[in-house]
Amino acid sequence: MTNNRGQWGSRLGFILAAAGSAVGLGNLWKFPYKAGVNGGGAFVLVYIAVLFLVGFSLMIAEIAIGRKTQLNALGAYRAINKNWGFAGAIGILAGFIILSFYAVIGGWVIKYLFDSINGTLFKINAVDYGGHFGSFISSSGSPLFYQALFMILTLVIVLGGVSSGIEKASKIMMPALFFMMIVLMIRSVTLDGAIEGVKFLFKPDFGKAFTPKVIVDAMGQVFFSLSLGMGAMITYGSYLPRDTNIPFSGTMILVLDTFVALLAGLVILPAVFSFGFEPGAGPGLMFITIPAIFSKMAFGNIFAIIFFLLVLFAALTSSISLLEVCVSFVVDEFKKNRVVSSVVLSLIIFVLGIPSSLANGAWSDVKFLGYNFFDFMDMFSSNILLPLGGFLLCIFVGWVWNTKNAVNEIENDGEIKFTLAPLWSFVIKYLSPVIIILIFLTNFGIIKL
């Protein structure tokens, strides 16, 4: 490993950091919302199947590329084939763009955490939470302040480096996240009528489970949740020592990610059913529905603090991986100091995120292809760059690097046995590309599901 690159201090540290990258707003907000609009248990069943088949395959492929080359996403692709650096560049661009608007949402989380602590959130009539949220995000100064605060927290962690910064923070935040989720889950499932939410989450309607829409939504959620296609796992894999068991580490990351997603469902959906809210409430679930639920719950102020602190931790474990993708690229390719690179990139990302924040207020009339700036950046990264990055990953590993060479890397040149290698090769070469193409066609309305 080159001298200017960090390295994970332990296998546990890598697993927690990589799981932290996977565990974020996609688990705590998007998973319960997607489950709500796709029939609950039907979506959960397909999501888990896609996660462990396709998600697992793409994840360990990214980790293997990173460990083999010990380079950032662009440099890693280029080191294996000099003509494929563009595939890594797409991932870096995706991470850069996603963090710009992700920080806006992270700022909203900090605002709601502060409002929970000082009691402001519970001075609002339950029916007015939608108006309260709309008023906040449509203002200019306050959202930008909290967006900046979220970027500063992300920067401080990344400045510490791989082992002393990202790994140490993950070892604190991830166990705390699990503990807080279990506390909230116990409270949620013991509410009156909560059992209906549990049934909704775990009792699949097999007639709905394997519809094209559910499968495509599940695949999209897997990409968003596991940080696939944005260079995060390649970057984190590049800090691994040669003796790391990639299949075991990948399995543990997926298990933790699935555990958090299901816990998030058990935190939110039973409470939603208990208080008579709509499970498919959409993006307002976290900032409108959940505060309204806490306002009606005994000791709701305490549970609100726990909830928004938990969401903040989850958001930070993802945001530090997104920033690290960009920092690793600049450090490797331009031989710049980590501190300077981290600070400059954070400033640029914050500035890029300003239009996304103002898109809900002062710049709401500014449209790009019919989208406001926030929605355009979300659409461009989630619907175009991430699936494209995943598709190129499959083609690269399956047909350019070749799955035989990839398996040799995964098996540490024969030191461990990857028993799923034949299935993994099939998924990478054939199944995943087909599903990703289906996602593209669906996202752009070429086919209707």
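User: Where is the place of Ser381?

Analyst: Ser381 sits in helix H17, residues 373–410. Helices here are DSSP runs of H or I with at least four residues, numbered from the N terminus. This is a predicted model, in which local features need pLDDT of at least 70, side-chain atom pairs count only at pLDDT 80 or more, and totals for chains, interfaces and linings use all residues. Residues are numbered from 1 along each chain as its sequence is written, and side-chain values use heavy atoms, with hydrogens and water left out.

User: What makes Ser381 buried?

Analyst: Its relative accessible area is 0%. Buried means under 20%, exposed over 50%, and partly exposed in between, with a 1.4 Å probe and protein chains only. So Ser381 counts as buried.

User: Which residues does Ser381 touch, not counting those up to four places away in sequence?

Analyst: Ser381 touches Ile97, Ile98, Phe101, Leu386 and Pro387 on that count. Contact means heavy atoms within 4.5 Å.

User: Why is H7 called roughly antiparallel to H16?

Analyst: The axes of H7 (residues 141–159) and H16 (residues 338–358) come within 10 Å and cross at roughly 155 degrees. Axes are lines fitted to C-alpha atoms, for helices over the stretch in contact, and angles run from 0 to 180 degrees between N-to-C directions. Under 35 degrees is roughly parallel, over 145 roughly antiparallel, 65 to 115 roughly perpendicular, and the rest oblique. The crossing angle of roughly 155 degrees therefore makes H7 roughly antiparallel to H16.

User: What is the phi of Gln70, and where is Gln70?

Analyst: Gln70 has a positive phi of about 55 degrees, although it is not a glycine. Most residues other than glycine have a negative phi. Gln70 lies in the loop between H3 (41–69) and H4 (73–80).

User: How do you know whether Gln70 is buried or exposed?

Analyst: Gln70 has a relative accessible area of 14%, so it counts as buried.

User: And Asp413, buried or exposed?

Analyst: Asp413 has a relative accessible area of 63%, so it is exposed. Asp413 lies in the loop between H17 and H18 (421–443). Its phi is also positive, about 55 degrees, although Asp413 is not a glycine.

Definitions and conventions
Helix = DSSP H or I, 4+ residues; strand = E, 2+ residues; numbered from the N terminus.
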